Amino acid sequence: MASGGPGDGPLGLGRGILLAYTLRRLLQAIPVILLVTLIVFLLNAAIPGDPGRIRLGQRADPAAVEAYNEARGYNDPIPVQYFNYLWRLFTQFDLGESDVKAGKSVNEILEESFFVTLRLALLSIIVALIVGIGAGILSAVKSRTAVDYISMLIAIIGVSMPVFWLGILMIIYVAPVLGLPRTGFDDTNTYTMLRSLAMPASALGLLSSATIARLSRSAMLDVMTQDYIRTARSKGLAESVVVLKHAMRNAAIPIVTVVGNSFGYLLVGAVLTETVFALPGLGREVVEAIKQRDRELITGGILLMSFVFIGVNLLVDLSYAVFDPRIRDDRS
Amino acid sequence: MNPTFGSLKSFSQSIASVFLCAVLLAGCTANTSGDLTESGLLKINSVATPSAQNYFRIPLMTNPPDLDPILVSDTTSDGVASKIFNTLLDYDPDLKLEPCLAKAMPVVSEDGRVYDFELRDDVSFSNGRKVTAHDLKYSLQRLASVRSKRSNLIKPIVGAEEAITASQKNQVISPEIRGIEVIDDLNLRLTLVEPYAPFIYNLAMVNTAAVPREVVDEVGDSFSRQPVGTGPFVLSEWKEGTSILLTANKDYFEGAPRLAGIHYRVIPESLAQLEEYKAGNFDVLAVTQGIYPKWKKSDKADEVKSWPSLAVQYYGFNLEKEGSPYAGNSESARKLREAVNLSVDRKFLGEILLEGRFYPANGILPPGILGHNSERPAFGMDRERAQELLAEAGYPNGEGLPTVDLWFNTQGDNSKIAQVVQADLKKVGIPIDLKMLDWGAFIEATDSGEPSFFRLGWVADYPDAENFLAFLFHSKNKGSAGNVSFFEDSEVDRLLDESNVIADMDQRLALLQQAEARIIEKTPWLFLLFGRETVLLKPYVRNFNPTGMCDDVQGNHVRWHLVDLETAR
Amino acid sequence: MTEVKIGKSPTQMALKRLRKNLLAMGGAAIVLIVFFLAFFPSWVVPHHVDGSGIYTYAEQFRTAEEYQKPPGIPGHPLGTDELGRDVLTRIVYGAGISLRVGLVGTAVALLIGLILGSIAGYRGGRIDALISRLTDTFFAFPSLLLTIGILAVFEKPNEVVIFAALGFVGWPGVARIVRGQVISMRGSEFVLGAKALGQSDFRILIGHLLPNCLGPVVVVSTLMIAGNILAEAGLSFLGIGLPPPIPSWGRMLVDSKEYWVDMPWMGIFPGLAIMFTVLGFNLLGDGLRDAFDPKMKD
C-alpha cells in the first residue's frame, strides 16, 4: 500500500481524498438517478392500457372512466405528468396510489414487499457465501484434481439451472422430506420465517455461488504459492490458519464486489423464485403490476429496485476505494 | 504440499452427501403412484386433520383486489365478500331465489315495475347497529357512484341513469335515486323505469349488499380493506398477497356459525396448493389437471366433489372484423364458421384432455340455467361435412384461406385446448395461429374488437337465460358491455326485449329459447364445452353443499353458518 | 539478455490455454452438440414437430394416461408430453429456438454495446461521461423486469421482438468492457502512429481497436447467450414469451408442470436440456475468460 505524506490515517489514506472521491461518486449518481426516473416513466407511459378502465372495470361507464383519468392526472401531457411525479417524489417521498388495489398507497405496498425480498436476498447471499467459499477453498486445496473439477462444476451447474425448475423440483421432492412449508411466507416469528425462506434462499443462493466459488479459488491459489506463506510455515504456525487468513483477505475485495453485484441479480432472480414459492416480495409485486398495468406501482417498484441497486453499487465502490487507492485516482 | 484441511473438507463433503441422500430419498418416497391398497385402488397420502382452531382453510390463486361490494368484479373478491355481507335475496340449494335480508319475497306490482320489500327486523351490522331500509337505500345508491364497477345493476331503477351521469362529476358517494324509496324503517320500495323481469336477480348479487354508512363515511376508500357487513364472518386480518383471516360473527342473524373462522392463503402455484392439501393444511382444493382421474381411482375418491357449472366455454368470432373471412353475414362466412364447428373433437377435449371435467356443449345455455334446452343434441364432429362446407365457401381443402389468429389468455387449460383445436382444424385444412396474452391485455383487446377469433367463457351472474343471451348477443351490448362477437340480429333483439317485460316465467323462457335457437343458426361461435366444477373436500367437512352459482373453492351461496368440521370432540 | 519469445499471437496463446482446460472443452463440446441439433434436427429425430403430433396417439385412446407415455417405450425414448407429443423431438427442435434466443439477443446487445462503448472509450470527455451515465442507468435496472416492461409496450410481440427485448438489456455489460479495452489501447503506439498517418478515427476503431477487444467481448457474449436462454425460460414461466405450440424449452416446462408429480419426465428432460445447454456456454465462457486473462497462473 502506498504510503502517503502528512495527513495519512492508519490505512495510509488521506481523509481528504476519500471524501472527495465519495462526493464525486455521489454527484455522478445523481444524473443516473434522474435518467432512471425518466426512462421508467417513459416506458410506463408507453405501456398501453387505460388506467380508468383498469380501476373501474371493463363494464364501467366511459364518462366515469374519463373522470377517473382526469382526476389522477393521466390526461395531462407526458412532460407535465413527469414533472409532477418528480416533484411529489422528491418533496414528499410519495410514490402515489395503486390503480388496482383500492386505496393502498404505493409506498405501503412497496414497503411490505421490500422487506420480504430483503430478507430473502440476505439469506441467499449467506447461502451463496457458504457454498461458494466452501467450494472455492475445496477446489484450491485440491487443485487440478477430480475434486477441483467436480466442485467447480457443481457451482457452475447451480448457475445454469432455471431457478423456477429447481424451485418446483424442491417443492415436490425436498419439502416433504425435510418437513418444510411448501410455499408462502410466514413471519409469525424468526423460526417460521427461516423455514419458509429455506428453500427459496437455497435456490437463489446456488445461483450466485459460482462466481464466489471461482474468486475464492483463485484467491486461495494465489495465496498458497506466496513466499511469505513459506516463511510463515517455517515458523511453525498452523498452516490452515495462515493460508485461510491471507487468502480471505486477498479475496475480500473481489468477493465484496461480487456480493454487491449479486444483490442486483438477486433482485431479478427473486422475481421467479418469489412467484414459484408464493413469497409476497418486491419482484413479484412489480411483475403483477406490469401485468395489471398498475401505473404508479410499476414506476415506484422499478425505481425502488434501481435505487437500491445504485446504492449498493455505490457502497461497494466506496469500500473498494478504501482498500485500493488506485481506484480513487482513476477517472470514474 | 497440500495442507490438511480435514475438518473443512469433510464438513463440505458431508453436507454434499446429506443433500444427495435427501434428494434420492425424496425421489424414492415421493413417487407413491405405484402403491395399491388391497382392493386394487391407488393409495394417496392425504392427511385428514382439521385445523386445531376450527378454521376452514381455503387456498386462493390470487389476492382479492377489493372487498367493497361496489368494487367486487372478480370471482375471488366475490367469494370472500359474500361471507362478510348479505343481500336482500339469496339462492337456495335448488338455485331458486329466497329472501335473506328481506323477510319474504317482494310484492311486485301488476305492471311489473314496483317491488316492495319488507326487511327482517333482527339483522345487525357487526358493529352492533340494526339494519334498516335506510341502509339498503344508501348501499344501492352507492352503485351509482363514480367508483362503482357495477352501476349497471341499478340502471333499471327510476332516476338511476341520471344519478350515474351526475356522479361522474360530483364524486358523491351515495347519490340520491328517486326510484329507491324508504317507506319506513323496515320497508323499501324500488320502482323501475320499465318492467325488467331479471332485475330481481341483481338483488342477490353481492354488489347490492348492505353496508353501514357511518363506517364508509369514516374510512372512505379504505372500506375495501376494512369492510364491515352483516354476514356470518368478519374480517380480522388481511396480509395482502399472503393470507386473509375471517372470524365468526356470533350475532349473525341466521345463527352463530359453527366454524371459528375461515383462513385463506394465497398460493399462485396449483402444484403447491395440492401439496398443501395433501399435507392437511387445506380443507378444500380446486381440481386442476392431473388430479381428477387419479383421485377418482384412489382410496380417497370420496373426497372428490363435483356439481354442474353454470358456465360455457367457447371460441368467438368477431363478426365485424374487417378482413376476416369468418366475419360478416354472408353465407360463405357462415359456412366457414360451421366448418370450424364440425372439425373440432369436443369429446376428446372434454373427456380425455380435460379428464372428464367437461363435456360437449349443446348450445349457449348450460344445464341448470332456466331456459336450457335439454333436447337439442350436443355439437358433434363431422370432418367430411366440414370439408364439403369449406369447398362450398370457396376454399376447397383450405386453399386460399388466410390464416387467422386465435387469441387466448394465459390461464389454466386454455393453452392446451387451443393447441388441440389448432391441430383439429389443421386436419381439415383450416390454418390458425395462436396468440397468447395475459388477462388484462387480452380483455382490452377483445373489448375493442381486435382479434377475429378468440377464446372466452361466460359464467352466470344469475341462473337465468337472459344473463347469457342479452349480455353476449344483444346488439346494444356490443363491445365492452359483453357482446364481444359484435353479433347483431334484430329478431334476436326483439325476442330478448320482449322477454324482459313478460311476468309469466314459462312464456319468457319460450321466447328466450327461440332466441337461443336463432343465434345458434347464425353460428357466431365455435361452440365448445359445458363443465362441472370439481373440488377435493376433506371428509370431515359437513354441510358444504355447493350449487351451480358456486365458484369452486369459494362456496358462494353455501350456507356458511352451517358448515362444520367434524372433530373428535 | 532477456529471452524473446517468438511466434504466437495473443489469440493463439489464449486458444492453447483453452484447449488445456478440460471443463471448457467439455463446454465447447456441448455447445457444438446444441448447434448440431439446431441445424440438423431431422438427422436426429425422424418426425417433424408440429401440433398434429398430438393426434397420432390420442385418437386411439380413451384416457389421458394412455397417451402420456413414460420414457422407454418404442418410438419415444424420452416419453411423451401432456398432449401426447414426443418429448425428444420437441427438445431437439427446441434447441434451435434456444440458440436463436441466445444469438439474436446477444447480437442486439453486442451491436449497441460495441458502438456505444467504443465511442465512449475513444472520444473520452463529455461524450464518455454522457454514455457512461447512460450505461450506469441501464445497469441499474433489474434486467428481467426491464424486459417484461419493454414487452408490455408491445401488445402482441412476435419472436423477433421478444428476442430483441431480451438482448437489449445486455448492452451495458458489453459497453463497459469495450470502453475499458478501448481506453487502455488508445494511447498505444499503433494508434498514435495511425493517427499521425492521417487515418480516420473510424478506420482506427474498426481496423485495430475493435479487433483487439475480441477476447473479452467473446467471453461476455458467450456468457450472455447462456443468460438469454435462461431468461427466455423465465419469461415463458411468467406467461410472457413465445406462444404454444412452439417447442421452446421454457414453454415445455410451463405447460407440463401440473403433471410433474406423477409424470416427472415431462419436466426433467426439458429442464436438463436447458441446464446442459446453459452449462455448456457457461463453461466455455469461463474457459475463454481464463484463457484470455494474462494473470492466470496454474
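Which residues are buried in helix α8 (residues 159-168) of chain C?

**View 1. Helix α8 of chain C and the helices around its buried residues.** In this predicted model, the buried residues of α8 (159-168) in chain C are I162(C), F163(C), A165(C), L166(C) and G167(C). These residues pack against four helices of chain C: α5 (87-123), α7 (143-153), α9 (171-185) and α12 (214-238).

**View 2. Chain C, with 14 helices and 0 strands.** Along the sequence, the pattern of chain C reads α-α-α-α-α-α-α-α-α-α-α-α-α-α. Chain C has 298 residues, of which 55% are buried. Of the chain C contacts between residues at least 6 apart in sequence, 71% join residues at least 24 apart.

**View 3. Helix α6 (residues 125-140) of chain C.** This helix has 16 residues. Its first and last C-alpha atoms span 23 Å, close to the 22 Å expected at 1.5 Å a residue. The buried residues of α6(C) are D128(C), I131(C), S132(C), R133(C), T135(C), D136(C), T137(C), F138(C) and A140(C).

**View 4. N282(C) and its polar contact with S160(A).** N282(C) belongs to helix α14 (residues 265-292) of chain C. With a relative accessible area of 9%, which is under the 20% cut-off, N282(C) counts as buried. A polar contact of 3.2 Å joins the side chain of N282(C) to the side chain of S160(A). Apart from neighbours within four places in sequence, the residues in contact with N282(C) are I156(A), V159(A) and S160(A) from chain A, and L223(C) and A226(C) from chain C.

**View 5. I109(A) in helix α5 of chain A.** The relative accessibility of I109(A) is 4%, so this residue counts as buried. I109(A) and D50(A) are 59 residues apart along the chain, and 22 Å separates their C-alpha atoms. Helix α5 (residues 106-141) is also where confidence in chain A is highest, at a mean pLDDT of 86.

**View 6. Confidence along chain A.** The mean pLDDT of chain A is 77, and 81% of its residues reach 70 or more. The lowest confidence in chain A falls in helix α13 (residues 325-329), with a mean of 52. Over residues 1-12 of chain A, pLDDT stays under 50. For residues 1-12 the model has 10 contacts beyond four places in sequence.

**View 7. The stacked ring pair F56(B) and F544(B).** Over all chains, the structure holds 28 aromatic pairs. In the pair formed by F56(B) and F544(B), the ring centres are 5.9 Å apart and the planes are at 15°. F56(B) lies in strand β1 (residues 55-60) of chain B and F544(B) in the loop between β18 (541-542) and β19 (564-565), so the pair ties together parts that are 488 residues apart in sequence. Both F56(B) and F544(B) are buried.

**View 8. The stacked ring pair F379(B) and F527(B).** The planes of these two rings are at 10° and their centres 4.5 Å apart, so the pair is stacked. F379(B) is in the loop between β13 (358-360) and α11 (383-392) of chain B, while F527(B) is in strand β17 (residues 525-537). The pair links distant parts of the chain, 148 residues apart. F379(B) and F527(B) are both buried. Ring pairs also connect F379(B) and F527(B) with Y314(B), F473(B), F487(B) and W525(B) in a cluster.

**View 9. Charged residues over ring faces in chain B.** R225(B) lies over the face of W238(B), 4.5 Å from the ring centre. K538(B) lies over the face of Y277(B), at 3.8 Å from the ring centre.

**View 10. Positive phi at L95(B) and E355(B).** Most residues other than glycine have a negative phi. L95(B), which is not a glycine, has a positive phi of about 65°. L95(B) sits in the loop between β2 (89-91) and β3 (97-99) of chain B, and it is buried, with a relative accessible area of 17%. E355(B), also not a glycine, has a positive phi of about 60°. The place of E355(B) is in the loop between α10 (346-353) and β13 of chain B. E355(B) is buried, and its relative accessible area is 7%.

Terms used. Residues numbered from 1 in each chain as written. Chains lettered and ligands numbered in written order. Predicted model: local features only at pLDDT ≥ 70, side-chain atom pairs only at ≥ 80, totals over all residues. Heavy atoms only, no water. pLDDT = per-residue confidence, 0-100. Helix = DSSP H or I, 4+ residues; strand = E, 2+ residues; numbered from the N terminus. Contact = heavy atoms within 4.5 Å. Phe/Tyr/Trp six-rings, centres within 6.5 Å; stacked < 30°, edge-to-face > 60°. Buried < 20%, exposed > 50% of the residue type's maximum accessible area, 1.4 Å probe, protein only. Lys NZ or Arg CZ within 6 Å of the ring centre and 35° of its normal. Expected span 1.5 Å × (residues − 1). Polar contact = N/O pair within 3.5 Å; in protein donor to acceptor, adjacent residues only side chain to side chain.
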